[in-house]
Amino acid sequence: MLPERVETLIIGGGQAGVAMSHMLTRRGLPHLVLERRRMFERWRSERWNGLMFQFPNWAVRLPEFPFPYLDPDGFATSAAIVAYLDAYAAAVKPPIQCGVAVNRLRRDGAGGRFVAETSAGGVTATNVVVATGPYQRPVVPGPVAKAIDLFEVHANAYRGPDQLPAGAALVVGSGASGAQIADELLRAGRRVYLSAGRHKRMPRRYRGRDLFRWLGDMGIDRTPVAQRGPDATLPLITGAYGGHTIDLREFAARGITLLGRLRGVEDGVLRFASDLRDSLAYGDAAYDAFLLRVDEFIERAGMDLPAEPEARD
């Protein structure tokens, strides 16, 4: 049974929701967490088998709960992340009810409180924390599969190369997931096409340090949203195969055919935009700007680190 009233309602039982519960518990503040499925469901059922976490092990941390590792510079599997999150939840013991979906959230006009309409009834709350994550709806590029009778699967339901029928594979999207899946399919012997959009290429390591070490040292990971500017393009990084810098030109040299953005299908033929050159140039500009920013930071801080001119090759 749901309580009729709570002081703080947290919607979402992922790592953000459980961490918020942890912080409220530390302060003795009553609250309730609602999760429509299981805790950390996306890590459990919406990750592919070969996924490697993008953060190095030393950078994986939750409040007062360090991630256990043997290799600080290695990268965790999704199974290891799930085990870590489960251990965190066991330590935090959040007051959570799973299997309860929040369908609507509105203000109570009279009292100014929030009213959450859920699959198990209504809950009134003074405060609400929405911790549902930023990727709620899979983006699928139009009715492509039905138009030309293709097998189609979104990244959140992809499990591995053996899941796909025999033949070539088209990966639509050049973000971190698309790049790692394309690489995995190529290594499995598939003919791979990658439809690439605008992206920010980043070095996995530069001048002896991992990308996330630089993000932390320079304070970039603590930049307020209002100061980040309108560009929400995500960095193109991977922790797969030991962690390496992704360069789509290197993908092409290894046999992946690069294409522009998928525009749709006409008369049974996939149509792509002629914007690949611009997308690659945008990625290069972001990459070069980051290297320059690191170089300037090293000089200002007087750090004794060897130069790495080959990073710009």
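A: Arg207 is found in the loop between strand E12 (205-206) and strand E13 (209-210), where strands (E, at least two residues) and helices (H or I, at least four) are DSSP runs numbered from the N terminus. This is a predicted model, in which local features need pLDDT of at least 70 and side-chain atom pairs count only at pLDDT 80 or more, while totals for chains, interfaces and linings use all residues. Residues are numbered from 1 along each chain as its sequence is written, and side-chain values use heavy atoms, with hydrogens and water left out.

Most residues other than glycine have a negative phi. Arg207, not a glycine, has a positive phi near 50 degrees. With a relative accessible area of 11%, Arg207 is buried (buried means under 20%, exposed over 50% and partly exposed in between, with a 1.4 Å probe and protein chains only). Lys93 also has a positive phi, of about 50 degrees, although it is not a glycine; Lys93 sits in the loop between H3 and strand E5 (96-98), and at 65% relative accessibility it counts as exposed.

The contact, meaning heavy atoms within 4.5 Å, is made by Gln15, Val18, Ala19, Ser21 and His22 of H1 and by Leu85, Tyr88, Ala89 and Val92 of H3.

Elsewhere, 3 strands form an open sheet in the order E9-E10-E15, with parallel pairing, two strands being paired if DSSP finds at least two bridges between them. Strand E9 (169-172) and strand E15 (257-259) stand at the edges with a single partner strand each, so one side of each is left without a neighbour in the sheet. The twist averages 20 degrees from one strand to the next. E9 and strand E10 (residues 192-195) pair in the parallel sense over 4 bridges, and Val171 stands opposite Leu194 in E10.

Technical notes
Axes are lines fitted to C-alpha atoms, for helices over the stretch in contact, and angles run from 0 to 180 degrees between N-to-C directions.
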